[in-house]
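Work through the exercises below with the model open. Each task is followed by a solution in steps.

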Amino acid sequence: YFEFSSVGLHAIDLETQLYPAKHYPSDQALVLGYPATEDRYDYESKILVDHLLIKHGVIESSEMEEPMFKLRSDPSEYPFDGMSGSPVFGVLNRTIFMIGIVVRGTESSGLFHFIDSAVIAASIIQHQSDMRLALDKTD
């Protein structure tokens with residue numbers, strides 16, 4: 001990715017920087033992602049030209065109920081297509097926490113629906129457990 005975009009990737013430590021949206025003590029959060037745009041690849045220069053979209057908003061409960069939540073932000077001139085899978089972050093005491101993952105959004109309303117990070121963590125833990133069991137069976 002760096003070779004094509006010259007942007008470094010940073011990791012989030014899920015053991016220390018994961019905060020379930022359900023228990024997040026603030027209603028402020030932000031989404032960072034790369035919406036699908038028609039001019040994403042510069043064919044002449046052979047590089048990716050990503051347009052980072054950062055949307056700040058307020059966390060609300062969802063009509064879809066837990067573990068789904070909403071982040072209400074201002075309407076966007078940029079499409080939200082391609083934003084699914086983008087992280088939802090919160091900041092507490094100058095520390096960034098991942099509180100969810102976007103599953104859908106609508107630019108005209110500025111609304112993102114996201115799944116609580118607790119579900120993501122549980123899925124990762126279950127996957128690790130399943131992989132250990134599968135490896136034990138092959139021994």
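**Exercise 1. Salt bridges**

Task: State how many salt bridges a search of the whole structure finds, and describe the network that links Glu60, Glu63, Lys70 and Arg72.

Solution. 

Step 1. The search of the whole structure gives 4 salt bridges, a salt bridge being a side-chain nitrogen of Lys or Arg within 4 Å of a carboxyl oxygen of Asp or Glu. This is a predicted model, in which local features need pLDDT of at least 70 and side-chain atom pairs count only at pLDDT 80 or more, while totals for chains, interfaces and linings use all residues. Residues are numbered from 1 along each chain as its sequence is written, and side-chain values use heavy atoms, with hydrogens and water left out.

Step 2. Take the pair of lysine 70 and glutamate 60: their side chains meet in a salt bridge at 3.9 Å, N to O. Lysine 70 lies in strand E5 and glutamate 60 in strand E4, so this pair ties together parts that are 10 residues apart in sequence. Strands (E, at least two residues) and helices (H or I, at least four) are DSSP runs, numbered from the N terminus.

Step 3. Glutamate 60 also forms a salt bridge with arginine 72, where the closest N and O atoms are 3.0 Å apart. Here too distant parts of the chain are linked, with glutamate 60 in strand E4 and arginine 72 in strand E5, 12 residues apart.

Step 4. Lysine 70 forms a salt bridge with glutamate 63 as well, the closest N and O atoms being 3.2 Å apart.

Step 5. Now assign accessibility, with buried meaning under 20% relative accessible area, exposed over 50%, and partly exposed in between (1.4 Å probe, protein chains only). Lysine 70 is buried at 10%. Glutamate 60 at 25% is partly exposed, as is arginine 72 at 37%. Glutamate 63, at 55%, counts as exposed.

**Exercise 2. Loop geometry**

Task: Which backbone features mark glutamate 65, proline 67 and arginine 94?

Solution. 

Step 1. Glutamate 65 is in the loop between E4 and E5. Its phi is positive, about 65 degrees, although the residue is not a glycine. With 57% relative accessibility, glutamate 65 is exposed.

Step 2. Proline 67 is found in the loop between E4 and E5. The peptide bond from glutamate 66 to proline 67 is cis, with omega near 15 degrees.

Step 3. Arginine 94 is in the loop between E6 and E7. Arginine 94 has a positive phi of about 65 degrees and is not a glycine. Its relative accessible area is 83%, and the residue counts as exposed.

**Exercise 3. The whole chain**

Task: How many helices and strands does the chain have, and in what order do the elements run?

Solution. 

Step 1. There are 2 helices and 8 strands. From the N terminus on, the order is α-β-β-β-β-β-β-β-β-α.

Step 2. The C-alpha atoms fill a box of roughly 50 × 40 × 30 Å along the principal axes.

Step 3. Of the 139 residues in the chain, 29% are buried. Among contacts between residues at least 6 apart in sequence, 57% join residues at least 24 apart.

Conventions
Contact = heavy atoms within 4.5 Å.
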